[in-house]
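Subject: Structure handover

Hi,

Here is the structure I promised to pass on to you.

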Amino acid sequence: MKIMILNGPNLNFLGIREKDIYGQDNYQSVCKYIMDKFDDRDIEINIFQSNIEGEMINILQMAYFEKYDGIVINPGAYTHTSIALYDAIKSINIPTVEVHLSNIHQREEFRHKSYTAPACVGQICGFGKEGYILAIEGLIVRLSEKKF
Ligand code: DQA
């Protein structure tokens, strides 16, 4: 099973940006936390990050050509703006779970709407870095049940 994690803008600034909201851990240690969790499982995980919307779309299209089984995406602020990312997730037809470190529904009104979530099988928010683990576990269960 091959799973892609795609992080959007400013997520490479974890550990620097608004630590009260996003936590103390830096981006590298969050990535390591995820990789270590699935180290002893028969699953390939590749993590990507981009601050650029079009580059994220290129990476999603690459997931199609490279036959990924599932995707975990944190589109950052593009969540609340990007019809292009919604279209890209719809286009590639790969089960995708949306993750947010913070609980976007508890925050500013403009964060309550997700353009990308309707293209996804589910959304997990408010659990910090653990959200990525939950999303991968959810994908594994759904993929092995072939419920898509
Ligand atoms: C975020 C939530 C977004 O609203 C914000 O723009 C981010 C991070 C999260 O992980 O909580 O950049 O996606």
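Below is what I found, going from the whole chain to a few single residues.

A word on conventions: this is a predicted model, so to speak of local features I need pLDDT of at least 70, side-chain atom pairs count only at pLDDT 80 or more, and totals for chains, interfaces and linings use all residues. Numbering starts from 1 along each chain as its sequence is written, and side-chain values use heavy atoms, with hydrogens and water left out.

**Overall fold**

There are five helices and five strands in the protein, where helices (H or I, at least four residues) and strands (E, at least two) are DSSP runs numbered from the N terminus. Their order along the sequence is β-α-α-β-α-β-α-β-β-α. The radius of gyration, taken over C-alpha atoms, is 14 Å, close to the 15 Å from the globule rule (2.2 Å times the number of residues to the power 0.38) for 148 residues, so the protein is as compact as a globular protein of that length. Its C-alpha atoms fill a box of roughly 35 × 35 × 25 Å along the principal axes.

Of the 148 residues, 47% are buried; buried means under 20% relative accessible area, exposed over 50% and partly exposed in between, with a 1.4 Å probe and protein chains only. Among contacts (heavy atoms within 4.5 Å) with a separation of 6 or more, 74% join residues 24 or more positions apart.

**Helix H4**

In helix H4 (residues 83–92), the buried residues are Leu85, Ala88, Ile89 and Ile92. They span an arc of only 95 degrees around the axis, which puts them on the same side of H4; the arc is that of the directions from the helix axis to the C-beta atoms. Ile83 and Ser91 are exposed on the other side. The buried residues of H4 pack against helix H3 (53–65), strand E3 (70–74) and strand E4 (96–100).

**Two residues to look at**

Histidine 100 is part of strand E4 and counts as buried at 4% relative accessibility. Leaving out residues up to four places away in sequence, histidine 100 touches several others, including Asn74, Thr79, Gln123, Cys125 and Phe127.

Methionine 1 sits in the segment before strand E1 (2–7) and is partly exposed, at 38% relative accessible area. What is the C-alpha to C-alpha distance between methionine 1 and leucine 143? They are 8.8 Å apart in space, although 142 residues separate them in sequence. Beyond its neighbours within four places, methionine 1 is in contact with Asp42, Ile43, Glu44, Asp69, Ile140 and Leu143.

Best wishes
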